[in-house]
Amino acid sequence: MKTRVYKQTDLKQKLVQEDIKQTLLNGHNVIFPTETVYGIGAYTMSEKGISSIYTIKGRPSDNPLILHLSTNEDMDKYIKEKKDYVDALIDAYWPGPMTLVFKMSEIVPKNITGGLDTVGIRVPGSDIAREIIDIAGVPICAPSANISGRPSSTLFKHVLEDFEDKVDIIIDGGKSQIGLESTVIDVTGDIPIVLRPGMITTQMIKDVVGDVKISKALEKDDIPKAPGMKYRHYAPKGNLQIVEGETSKVVRYIQEQIKHHKLLNQSVGVIVTKEIADLFDIDHISVIGTENNEAEIASNLFLVLREMDHNQVDFIYSLSFHDGIYGEAIMNRLYKAASQNIKKL
Ligand code: TXA
Ligand code: MG
């Protein structure tokens with residue numbers, strides 16, 4: 001198969017629109033950008049398109065897919081009930097990086113829900129993502145466009161790395177603006193529960209609905225409510241360790257580790273902020289952003305993890321980024337990427 005690549009400007013052409021629509025309706029896959037990360041899409045009602053997503057990604061079949069809509073107008077047909085507080089969340093944060101998990105209606109196909117009786121729905125904030133859904137004229141299921149276990153794709157080149165000539169169409173939308181996947185919120189109960197943290201922060205949910213819980217599974221190793229959270233995730237190929245503590249101690253520790261690995265002729269890389277990048281004498285250094293710009297750090301996280309793979313780094317040391325309102329979302333991914341390998345100083 002030879003992948004066809006389109007840019008946003010191509011979407012105005014009738015032939016391109018028709019190609020995208022027919023590809024999806026015929027049970028094939030289209031990868032498209034969203035404001036969070038790239039998604040690999042299939043027509044929700046196409047058994048073939050959905051099963052192909054699981055096969056191509058190597059995704060476990062009990063991990064459900066998010067249903068993407070271009071507006072919330074006809075959302076009600078996919079859900080069984082909507083709690084009173086949900087409209088306030090929708091008004092505040094859709095279109096945007098928020099997925100809501102509802103009890104599903106009868107028309108939702110079972111092969112997208114991983115055996116659950118709920119469905120996750122999102123109206124993406126990015127114009128291009130909504131344009132694709134409108135062109136298709138049908139709801140689109142789309143998990144992140146990465147081979148299962150690998151960091152999500154935030155650049156067109158990541159998508160090519162994982163899926164060139166494995167899907168029919170890829171839309172090149174440049175760099176994902178946010179860079180972390182949507183906040184997943186269970187809204188089946190009287191109080192919303194955050195299943196996966198994201199840019200719609202717990203505080204932002206609280207501001208709108210007054211009360212919110214964090215899934216216990218995020219705090220300790222419990223049976224996760226978002227099945228996707230239990231798998232090894234975002235992992236670079238090398239051995240990643242997160243180093244936490246006072247900056248001077250962290251720097252000293254990482255410098256010592258670099259020396260140690262160099263002595264053993266092992267390849268080593270670091271993920272640090274611009275402010276301290278000069279302190280490391282090393283080939284593989286990935287600058288994730290500037291210290292006080294958490295949005296920048298979030299947007300570069302998956303990119304630097306993939307950079308380490310590119311450079312075939314065997315041992316990776318990263319700072320931690322707990323500060324600020326996005327710390328929760330960033331560290332959720334980073335800890336998973338490191339399989340909880342944390343050095344506290
Ligand atoms: O930002 C995003 O959400 C991106 C873009 C492409 O929209 N999509 C994405 O999909 O991150 P995926 O499949 O990589 O992650 C979806 C997460 C998984 O952890 C999954 O288990 C959870 O959401 N999820 C989906 N449906 C669910 C449901 N019905 N109940 C609980 N968790 C659900
Ligand atoms: Mg994913």
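User: Before looking at single residues, what does contact mean here?

Analyst: Contact means heavy atoms within 4.5 Å. This is a predicted model. Take L240: leaving aside its neighbours within four places in sequence, L240 is in contact with L305, I316, S318, L334, A337, A338 and N341.

User: Which residues have the most contacts inside the largest nonpolar core?

Analyst: A nonpolar core is built from buried residues such as Leu, Ile and Phe, joined through side-chain atoms. The largest one here has 44 residues, and L180, L240, I254, V270, F280, F321 and I330 have the most contacts inside it. Elements giving two or more residues to this core are β12 (239-244), α8 (247-263), β13 (268-273), α9 (294-310), β15 (315-319) and α10 (327-337). The most comes from α9, with 8 residues. Another core, of 42 residues, lies apart from it; I31, L69, M75 and Y85 are among its members.

User: What is the order of the strands in the open sheet?

Analyst: Two strands pair if at least two bridges are found between them. The open sheet has 5 strands in the order β14-β13-β15-β12-β16, with parallel pairing. At the edges stand β14 (284-289) and β16 (342-344); each has a single partner strand, so one side of each has no neighbour in the sheet. From one strand to the next, the twist averages 20°.

User: Over how many bridges do β12 and β15 pair?

Analyst: The pairing of β12 and β15 is parallel and runs over 5 bridges. Within β15, I316 is the bridge partner of L240; I316 is also among the residues in contact with L240.

User: What should I look for in the backbone?

Analyst: Look for exceptions, because most residues other than glycine have a negative phi, and most peptide bonds are trans. Here a cis peptide bond joins W94 and P95, with omega about -10°. P95 is in the loop between α3 (86-93) and β5 (98-103).

User: Where are N265 and Q340 placed, and is N265 buried or exposed?

Analyst: N265 has a positive phi, near 60°, and is found in the loop between α8 and β13. Exposed means over 50% relative accessible area; N265 has 74% relative accessibility, so it counts as exposed. Q340 also has a positive phi, near 60°, and belongs to the loop between α10 and β16.

Notes
Residues are numbered from 1 along each chain as its sequence is written. Chains are lettered from A and ligands numbered from 1 in the order in which they are written. This is a predicted model: local features need pLDDT of at least 70, side-chain atom pairs count only at pLDDT 80 or more; totals for chains, interfaces and linings use all residues. Side-chain values use heavy atoms; hydrogens and water are left out. A nonpolar core is a set of buried Ala, Val, Leu, Ile, Met, Phe, Trp, Tyr and Cys residues joined through side-chain atoms within 4.5 Å. Buried means under 20% relative accessible area, exposed over 50%, partly exposed in between (1.4 Å probe, protein chains only). Helices (H or I, at least four residues) and strands (E, at least two) are DSSP runs, numbered from the N terminus. Axes are lines fitted to C-alpha atoms, for helices over the stretch in contact, and angles run from 0 to 180 degrees between N-to-C directions.
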